[in-house]
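This report walks through a structure made of chains that touch one another. Please look at the sequence and the model first, and then read on.

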Amino acid sequence: MRVNATNARATIFIVDDDMAVRDALKLLLRSVGQAVETYGSAQEFLDAYSEDRPGCLVLDIRMPGMSGLELQQKLNEKHSILPIIFITGHGDVPMAVEAMQAGAVDFIQKPFRDQDLIDRINQALEKDSNNRAALGERNDIRKRLETLTPREREVLDLVVHGKANKVIAGDLKLSQRTVEIHRARVMEKMQASSLAHLVRMVLEVGQA
Amino acid sequence: MTVLRVAEPQEERAQRLEREFQAVLDAAVDAVVLFDHEGRIELLNHAGERMFGYNEEEVIGLKVNILLPEPYRSQHDDYLRHYIDAGEPRIIGIGRELSAKRRDGSEFSAELAVGRVKGTEPPRFVGFIRDITVRRNAEEALRRSEAQLTIAQEIANLGNYVVHFDGKFEDYWSPHLYRVLGRRYGDTYVSVYDYLEPMVHPADRARWQQARDELEAGVKSMDIEYRVIHPDGSLRYVHHIAQTTRSPDGRVLRQVGTLHDITDRRRAEDEARQMQDRITHFGRISTMGEMAAGIAHEVNQPLTAIATYAQACQRLIAAGEWTQEEIGSALEQIGAQALRAGEVIRRLRTFVKNREVRREQIEANRILEDVLTLAQTDARHNGVRMVLELSPQAPLVQADTVQIQQVILNLIRNSIDAMVDVPEARREIVLRTRIDTEGDVEFMVADRGMGVDAATMAELFNPFFTTKPGGTGLGLSISRSIVRAHGGKLWCNSNPGGGARFFFTLPAVPASPGSS
């Protein structure tokens, strides 16, 4: 999955089967200058949405057909990172708890104060933006890792495990000088400013 | 006895008479005994020997009263003396029934007739004794069977009759028929149908008359249920069955029939039906409870839309970024959504309207017994045994019976669900009533299911909390509201033997002499 965090504008996706609620939400969010798209059913949204579009999902938990929870599950299966804010009725607390356990960022009970919803949406957008940035960085790290030769990769693994050049030379049956050259190439290719930075990047993508 | 014989010598005639007399004695079925003025036996015939178990020689010269048990034995001498002194016959010449005594001491029912031998002085007597045991037994058996029939009719509340159509006999009323038709046994005679006709409820009379006409016209039997109004004005239900007997030429000779008072059964059926109606009604109320969540959702939708439109309009106006069209359409929506919310509430009101709370004084035990009947099928279906432990004090409570039954049924339902996974041998629900330390009536529903853990226990009574797939989470919260509305409390704890115990209390009503 390739995501560029900078080049798309965040959109609020509203999925609610109630036309009036949907329309009112759209008007409210337009009034604060947000880009809004509305969908009358979970399936409609699923068909239209592409993963690289940043923003957040405002999702009614109770809907005929595919419910909000089922849509969340389908998005999770696709490893979607789109943050979800659930809109619930006052009796839906157990469902809301389930939704939170499945990774929803928040829920808000109907009827709600406009500012509460707007605040939650802003938090969700920030989170999405951070997620996508982190995701972008991880993608960059992976790309840099792919440029390493097999020998450089071996040296990297031993370096991040804290082994000294002399030990690495012994393990790989190389001269200490050769190890030093490989190590310098790794630092350069990975754009690491220090050994600590290098270790952090490798941990970030879970390759240590 | 007059025997005409011509020219028979005196002596031959005497011998012939002697032989004939002996033949009469020997052939007699009854015992014949001859005795003198002091009661000494002079002769006992064969039948007498067989009947009493004596040989004639043994009893010759003995007092005739050895053939009688006390008190007849002692009285006999008096009778005899009385007759001789006063010439007054007491038993002499009159047949009477008494007990006789055999040689072995056993007694039997006998009929006794005594005659004086004419022309003897001091007088001599002849006694005839007939064993009437068989007849007496038959009479006794008949009397017993009649008594049993009467008792049976009393128990069944059923009477029978025979109506004669040939005018020769009065109609037969069995003793209990009087009761069934509101009369007293021994009231003046009246023909069954003449009496019955004006009693039949006017609304049922045409049907009754038609059944009778058909019976007379040749239908094999009549079998109908109808109402009758007793002389005291009370209304009873009867089940009437009748059949006709005809002469060979087809005339109606008589009709025999039974009248069965089925009022209690009918009342029980009516009561059961009413109970069912109320349960159904409450079922709707309870569904209403379950619908509460759905209704809240339905009201929330338009409210959410209204609030959001209004807030959006405020923001647009504050920002000065609005168009007339945008604001106009939002206001139109606000109006429409407000009407939509009103419509939901109107429907809810219609739904709740026919709910009235009915409080009555009722025995706590009776509530449990009735619930048991209702829950039995469900329990049996799930292999659950139900055990009743009723308070011997039979306390009274003031309650809306149907609501309290609904609470108990709900607890039983939970218990049954909780035992789905335990072995059948363990599946048991105990229903108990008792008076607690504060004098309130405590109901308990205890199961031996999986029990309730502490975390669940804390949430158990919260609305919408449920551990069942597809549960609404409203049963216990509604139950608790019902019990609280009755002034009681509802709680639960763990059953020491495994499983859960649910309790609720209702304030006891002090039993007053006037109430029962």
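P111(A) is found in the loop that lies between β5 and α5 of chain A, where helices (H or I, at least four residues) and strands (E, at least two) are DSSP runs numbered from the N terminus. The peptide bond that joins K110(A) to P111(A) is cis, with an omega of about -15°.

Everything here belongs to a predicted model, in which local features need a pLDDT of at least 70 and side-chain atom pairs count only at pLDDT 80 or more, while totals for chains, interfaces and linings use all residues. Residues are numbered from 1 along each chain as its sequence is written, and chains are lettered from A and ligands numbered from 1 in the order in which they are written.

**Confidence**

The predictor gives the complex an ipTM of 0.71 and a pTM of 0.40. For chain B the average pLDDT (the predictor's confidence in each residue, from 0 to 100) is 84, and 87% of the residues score at least 70. Within chain B, confidence is lowest in α9(B), with a mean of 75, and highest in strand β15 (residues 441–446), at 96.

**Chain A**

Chain A contains 9 helices and 5 strands, and from the N terminus on its elements run β-α-β-α-β-α-β-α-β-α-α-α-α-α. Of its 208 residues, 31% count as buried; a residue is buried if 20 or more other C-beta atoms lie within 10 Å of its own, exposed if 12 or fewer, and partly exposed in between, with C-beta atoms placed from the backbone.

The strands β2-β1-β3-β4-β5 of chain A, in that order, form an open sheet of 5 strands with parallel pairing, where two strands pair if DSSP finds at least two bridges between them. Because β2 (35–39) and β5 (106–109) of chain A each have a single partner strand, they stand at the edges, and one side of each is left without a neighbour in the sheet. On average, neighbouring strands of this sheet are turned by 20° against each other, direction ignored. Strand β1 (residues 11–15) of chain A pairs with β2(A) in the parallel sense over 5 bridges, and F13(A) has E37(A) as its bridge partner in β2(A).

Two residues are in contact if their C-beta atoms, placed from the backbone, lie within 7 Å.

| Helix of chain A | Strands of chain A it lies across | Angle to β3(A) |
|---|---|---|
| α3 (residues 68–77) | β1, β3 (55–60) and β4 (84–88) | about 145° |
| α5 (residues 114–146) | β1, β3, β4 and β5 | about 135° |

In the loop between α3 and β4 of chain A lies H79(A), whose phi is near 55°, a positive value in a residue other than glycine. H79(A) is exposed, because 8 other C-beta atoms lie within 10 Å.

**Chain B**

Chain B has 14 helices and 18 strands, and buried residues make up 26% of its 516 residues. Its strands β1 (residues 31–35) and β2 (residues 41–44) run antiparallel and are joined by 3 bridges; in β2(B), I41(B) is the bridge partner of F35(B). These two strands form a hairpin with 5 residues between them, and G39(B) in the turn has a positive phi of about 85°.

E298(B) lies in helix α9 (residues 263–319) of chain B and is buried, because 20 other C-beta atoms lie within 10 Å. The C-alpha atoms of E298(B) and V344(B), which are 46 residues apart along the chain, are separated by 7.0 Å.

**Where the chains meet**

In this model, 19 residues of chain A are in contact with 22 residues of chain B. On the side of chain A that touches chain B, α1(A) gives the most, with 8 residues.

Leaving aside neighbours within four places in sequence, A24(A) is in contact with A305(B), T308(B), Y309(B), A312(B) and Q333(B).

How values were computed. Axes fitted to C-alpha atoms, helices over the stretch in contact; angles between N-to-C directions.
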